[in-house]
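Please look at the sequence and the model shown here before reading on.

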Amino acid sequence: MKNLLILCGGQSPEHTISIRSAKNILKALDKGKYRMTLIGISQKGDWRLIEEREIADEITNQGKEVIIVPGQKDPFQLKESSLGLFDVVFPILHGPNGEDGTIQGLLKLLKIPFVGPSVLSSATSMDKDVTKRLLRDSGIKVAEWRLIHQGETIPTYDEVKKQLGNVVFVKPANMGSSVGVHRVTSGTEWLKAVNDALKYDRKILVEESIKGRELECAVIGNQSPKATGVGEVRSGNFYSFEEKYTSSSHAEIVIPANVDERHLPELKQTAIKAYKALDCEGMSRVDMFLTEDGEILVNEVNTIPGFTNISMYPKLWEQEGVNYSDLLDQLIHLAIERGA
């Protein structure tokens, strides 16, 4: 039996989504294979030992405080005792301070294997500007963009329009789940969108709007990654946070996507090429656009995709014949394999 530590919550706007993912993982894992421990990280950065029956929608002061002591054989400590040794960690932390290499760096220092990509690939995949540069230099097509740093002069909407077109997307460079993302179609919307996006990051992207289908592909593996077929998000203007996670969402998830068979091999190859270009391991979800003339552009790569009951990553693997529980087993095995 493996001792598994699951980390959830975190200091990001995706805190609640992380907890939803953790709940599903706990239910799906075989308790005959794993001895599971759950640590929740609050929005303030407190680490708490959480019993499965105590999981709420937000980590606050429930459970015992966990202290991390680097250099110890068993670094996760309570005030009166140790939590023991862990064979592997599943950090299901979305967004900043979880998906961006910070937790991965800590776990590397503690010498504990963990699910998902390591420090470099987590950091570069989280930063949409860096992601685009690496993908572009690897010969992978991406949407045109320009960068705005906090404190610099903000260009006018007319200046942006000349470069990127009448419709643009404004988004924080380091954020997920469409938090802080705005679709801008006029000068009256421009400054409000920029100022809101800057609340979440010190730099933001302004991207051209791509007329195409939004397709997503799940990838798994270390040295020899494999990709699923594709799913499609049909959401009108764009797939906002509300569209992703609220019950009133009008977005439609189609798995498998009704894609011409001639495009499918290239979509899967592009997903794997992007995965390798960013040095990903373990898992990632690759989001792409497919235009009417068959052009494929990579939008972004998510190194810790959602594992909620409506999340695309596990659903894509289910379509391939890999159920939720078996998928988790594979991811944990890949983490241990890499750690060895």
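## Overall form

The radius of gyration is taken over C-alpha atoms, and the globule rule is 2.2 Å times the number of residues to the power 0.38. A compact globule of 340 residues would have a radius of gyration near 20 Å, and the protein agrees with this because its own value is 20 Å. Its C-alpha trace spans about 65 × 45 × 40 Å along the principal axes.

The model is predicted: local features need pLDDT of at least 70 and side-chain atom pairs count only at pLDDT 80 or more, while totals for chains, interfaces and linings use all residues. Residues are numbered from 1 along each chain as its sequence is written, and side-chain values use heavy atoms, with hydrogens and water left out.

## Burial and contacts

Of the 340 residues, 54% are buried (under 20% relative accessible area, with a 1.4 Å probe and protein chains only). Among contacts (heavy atoms within 4.5 Å) with a separation of 6 or more, 64% are between residues 24 or more positions apart.

## Strands and sheet

The protein has ten helices and 16 strands; these are DSSP runs numbered from the N terminus, helices being H or I of at least four residues and strands E of at least two.

Five strands form an open sheet with mixed pairing, in the order β4-β3-β2-β1-β7. β4 (64–65) and β7 (88–91) stand at its edges with a single partner strand each, so one side of each has no neighbour in the sheet. Two strands pair if DSSP finds at least two bridges between them. Strands β1 (residues 2–9) and β2 (residues 34–41) run parallel and are joined by eight bridges; Gly9 stands opposite Ile41 in β2.

Note on methods: Buried < 20%, exposed > 50% of the residue type's maximum accessible area, 1.4 Å probe, protein only.
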